[in-house]
Amino acid sequence: MIKNSFRVEQKNKLKQKLNYQYKQDFLVYKEIKKILKFYKNCKNILIYIPLKYEVNLYKYRHFLAKKYQIFVPFMQDKSLKVVKLRLALDKKSFGVYEPKNSFLQTQIDVAIIPVIGVDANLGRVGHGQGFYDRFFESISYKKPLVIFTQIIDARSHQFFSQNHDIKGNFYINPYKKYFRKVKNNDRNISRINSRFYRRRDWICSRQKD
């Protein structure tokens, strides 16, 4: 019930933020670039085609594509698959635009995912459909670094995410920047955690792993 109430509250806030500005998109993009700089051997990045109340990273795709292979989600049944970002885009369910389907198999190193909000442990609150949760559960390779984006600061101080909910390594909005410091066997993630733990402009999220 807490999660559902929180979701409704944040959706109402988002409805009042449709005058979102270009500068705010850039602030989020700039911080993501800093993270990617420290994440060594990153080749494949999952972004998303934004809805009108989501951070628009799509317009920076040409800059990202200079160093990385760019992929986006493709809705398939009740889950997602990743496909190479290419034009043209078709409008699908929930008003989401997608490229053509692809049968290319790939491994994602970094996943940049929009949220409706997060809990105190950076557990994702989405639209409640579970597409991303089922996709991450199906991943058989090493889980990617996860960066959540949002146009408002929608982090709760309560813990209400469940075990199957995706948890972000980072949560970035134009106003505040959070990271979740956790023990991880991935040296790259441990190195990034150490760097941001020392920076006063980043907030270390409470942990409950």
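Lys 142 is exposed, at 56% relative accessibility (exposed means over 50% relative accessible area, buried under 20%, partly exposed in between, with a 1.4 Å probe and protein chains only). The model is predicted: local features need pLDDT of at least 70, side-chain atom pairs count only at pLDDT 80 or more, and totals for chains, interfaces and linings use all residues. Residues are numbered from 1 along each chain as its sequence is written, and side-chain values use heavy atoms, leaving out hydrogens and water.

**Overall picture**

- The protein has five helices and 12 strands (DSSP runs numbered from the N terminus, with at least four residues of H or I for a helix and at least two of E for a strand).
- Of its 209 residues, 52% count as buried.
- The accessible surface comes to about 11,500 Å², and carbon and sulfur atoms hold 49% of that (Shrake-Rupley method, 1.4 Å probe).
- Among contacts with a separation of 6 or more, 69% join residues 24 or more positions apart (a contact means heavy atoms within 4.5 Å).

**Around Lys 142**

- Lys 142 is in the loop between helix H4 (131–138) and strand E9.
- Its C-alpha atom is 8.5 Å from that of Gln 107, a residue 35 positions away along the chain.

- Strand E9 covers residues 145–149, and five of its five residues are buried.
- In a regular strand, side chains alternate between the two faces of the sheet.
- On one side of E9 sit Leu 145, Ile 147 and Thr 149, on the other Val 146 and Phe 148; all are buried, and both faces are covered.
- E9 pairs with strand E6 (residues 110–114) in the parallel sense, over five bridges (a pair needs at least two DSSP bridges).
- Val 146 of E9 stands opposite Ala 111.
- Strand E10 (residues 170–172) also runs parallel to E9, joined by three bridges.
- Thr 149 has Ile 172 of E10 as its bridge partner.

**Helix H2**

- H2 has 17 residues and should span 24 Å at 1.5 Å a residue; its end C-alpha atoms are 25 Å apart, which agrees (the expected span is 1.5 Å times one less than the number of residues).
- An α-helix has 3.6 residues a turn, so residues three or four places apart point the same way.
- Buried residues of H2 include Asp 25, Val 28, Tyr 29, Ile 32, Ile 35 and Leu 36.

**Aromatic pairs**

- Rings of Phe, Tyr and Trp (its six-membered ring) pair if their centres lie within 6.5 Å; planes under 30 degrees apart count as stacked, over 60 as edge-to-face and the rest as tilted.
- The count by this rule is seven aromatic pairs.
- Phe 26 and Tyr 60 make a tilted pair, with 6.4 Å between centres and 55 degrees between planes.
- Phe 26 belongs to H2 (residues 22–38) and Tyr 60 to the loop between strand E1 (44–46) and helix H3 (61–64), so this pair ties together parts 34 residues apart in sequence.
- Phe 26 is partly exposed at 36% relative accessibility, whereas Tyr 60 is buried at 4%.
- Tyr 171 and Tyr 178 are stacked because their ring centres are 5.6 Å apart and their planes are at 15 degrees.
- Tyr 171 is buried, at 0% relative accessible area, and Tyr 178 is buried, at 4%.
- Phe 26, Tyr 29 and Tyr 60 make up one aromatic cluster.

**Charges over rings**

- Arg 61 sits over the face of Tyr 58, 3.9 Å from the ring centre (NZ of Lys or CZ of Arg must be within 6 Å of the centre and within 35 degrees of the ring normal).
- Arg 134 sits over the face of Phe 131, at 6.0 Å from the ring centre.
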